[in-house]
Amino acid sequence: MNMPVNNEKYQEIISELTLQKIALIAVSKTKPVEDIRELYELGHRDFGENYVQEAGEKKSEISTLVEWHMIGHLQRNKVRLAVELFDVIESLDNLALARELDKEGRRRGQIIRAFVEINLGGEESKSGIAKNHVASLLESVAKLANLRVEGLMTVPPFRQDPEQVPPSFRELRELKEKLSEPGFPNVDLKELSMGMTHDYPVAVEEGATIVRIGTALFGPRGA
């Protein structure tokens with residue numbers, strides 16, 4: 001049976017983040033469209049999905065006023081549909097994907113907004129580009145007129161104690177500062193998307209501008 005949206009927790013989190021001018025992406029993957037609609041009726045407009053097909057099914061039933069973030073791995077053969085569905089692609093992690101996004105943006109006559117996803121823990125089970133390859137990717141993106149990188153995103157290695165996570169968040173903030181110095185064209189690293197239900201307060205302390213929260217709002221997946 002599906003759990004109702006935790007209204008009380010939502011109000012607590014959104015009030016806290018709004019005061020600090022931090023955006024909340026409600027991660028609605030695997031959750032029914034009714035849950036999205038419930039948060040929408042509370043005034044929420046920013047949602048994150050992992051899968052193109054699932055997002056398409058939900059978007060067809062939700063107002064276009066919603067901003068959709070693609071937070072899962074994106075395959076190149078799904079770029080056209082992803083660009084149609086999502087306002088921001090948070091999972092750019094290689095040059096081939098960047099070129100495909102730029103190509104689709106050129107076809108549509110629009111600028112595609114993206115974040116670079118960085119795999120700070122070097123975990124094989126997670127997508128994301130290695131930290132030492134990011135500068136090279138941004139140099140290449142600078143030549144792609146229909147793609148704009150607006151920030152960095154990461155999913156750090158899970159720790160039972162969230163206080164063990166700060167080095168990853170701090171590392172991403174420091175990397176953002178370093179990569180902002182060259183002033184690459186088509187690159188404006190104004191956003192740091194990091195922190196989820198388990199560790200978002202720590203991410204906020206370390207400079208997050210966007211947090212991605214699902215379980216605290218919708219309950220665990222499969223519930």
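Predicted model: local features only at pLDDT ≥ 70, side-chain atom pairs only at ≥ 80, totals over all residues.

Colleague: What makes Val 33 and other residues of helix H2 lie on the same side of H2?
Modeller: Start with the buried residues of H2 (residues 33-41), which are Val 33, Asp 35, Ile 36, Leu 39 and Tyr 40. They cover an arc of only 160 degrees around the axis, so they are on the same side of H2. In general, an α-helix has 3.6 residues a turn, so residues three or four places apart point the same way.

Colleague: What covers the buried residues of H2?
Modeller: The cover includes helix H1 (7-19), strand E1 (23-27), E2, H3, E3 and helix H9 (215-218).

Colleague: How do you know that the buried residues of helix H3 are on the same side of H3?
Modeller: In H3, the buried residues are Val 52, Glu 54, Ala 55 and Lys 58. Their arc around the axis is only 160 degrees, which puts them on the same side of H3. Their cover includes H2, E2, E3 and H4.

Colleague: Why are strands E2 and E3 said to pair?
Modeller: Two strands pair if there are at least two bridges between them. E2 (residues 46-49) and E3 (residues 67-70) have four bridges, in the parallel sense, so by that cut-off they pair. Asp 46 stands opposite Glu 67 in E3.

Colleague: How many bridges join E3 to E4?
Modeller: Two, and E3 and E4 (residues 88-92) run parallel. Two bridges meet the cut-off of at least two, so E3 and E4 pair. Met 70 has Ile 89 in E4 as its bridge partner.

Colleague: Which helix does the chain pass through from E3 to E4?
Modeller: The chain crosses through helix H4 (residues 79-85), and this β-α-β crossover is right-handed. E2, helix H3 (residues 52-59) and E3 also make a right-handed β-α-β unit.

Colleague: Which residues touch the most other members of the largest nonpolar core?
Modeller: Leu 101 and Val 116, in a core of 64 residues. Leaving out residues up to four places away in sequence, Val 116 touches Glu 90, Leu 92, Ile 129, Val 134, Leu 137, Leu 138, Val 149, Gly 151, Leu 152 and Met 153. A second, separate core has five residues, including Ile 25, Val 88, Met 153 and Ile 210. In soluble globular proteins, nonpolar side chains tend to be buried together.

Colleague: Why is Asn 6 called partly exposed?
Modeller: Buried means under 20% relative accessible area and exposed means over 50%. Asn 6 is at 36%, so Asn 6 counts as partly exposed. This residue lies in the segment before H1. Beyond its neighbours within four places in sequence, Asn 6 is in contact with Ala 216 and Leu 217.

Colleague: What makes the chain as compact as a globular protein of that length?
Modeller: The chain has nine helices and eight strands. Its radius of gyration is 17 Å, close to the 17 Å that the globule rule gives for 223 residues, so the chain is as compact as a globular protein of that length. Its C-alpha atoms fill a box of roughly 45 × 40 × 35 Å along the principal axes.

Colleague: What percentage of the chain is buried?
Modeller: Buried residues make up 48% of the 223 residues.

Key:
Residues numbered from 1 in each chain as written. Heavy atoms only, no water. Right-handed = clockwise from strand over helix to strand, strands pointing away. Core = buried A, V, L, I, M, F, W, Y, C linked by side-chain atoms within 4.5 Å. Buried < 20%, exposed > 50% of the residue type's maximum accessible area, 1.4 Å probe, protein only. Contact = heavy atoms within 4.5 Å. Arc of directions from axis to C-beta. Rg over C-alpha atoms; globule rule 2.2 N^0.38 Å.
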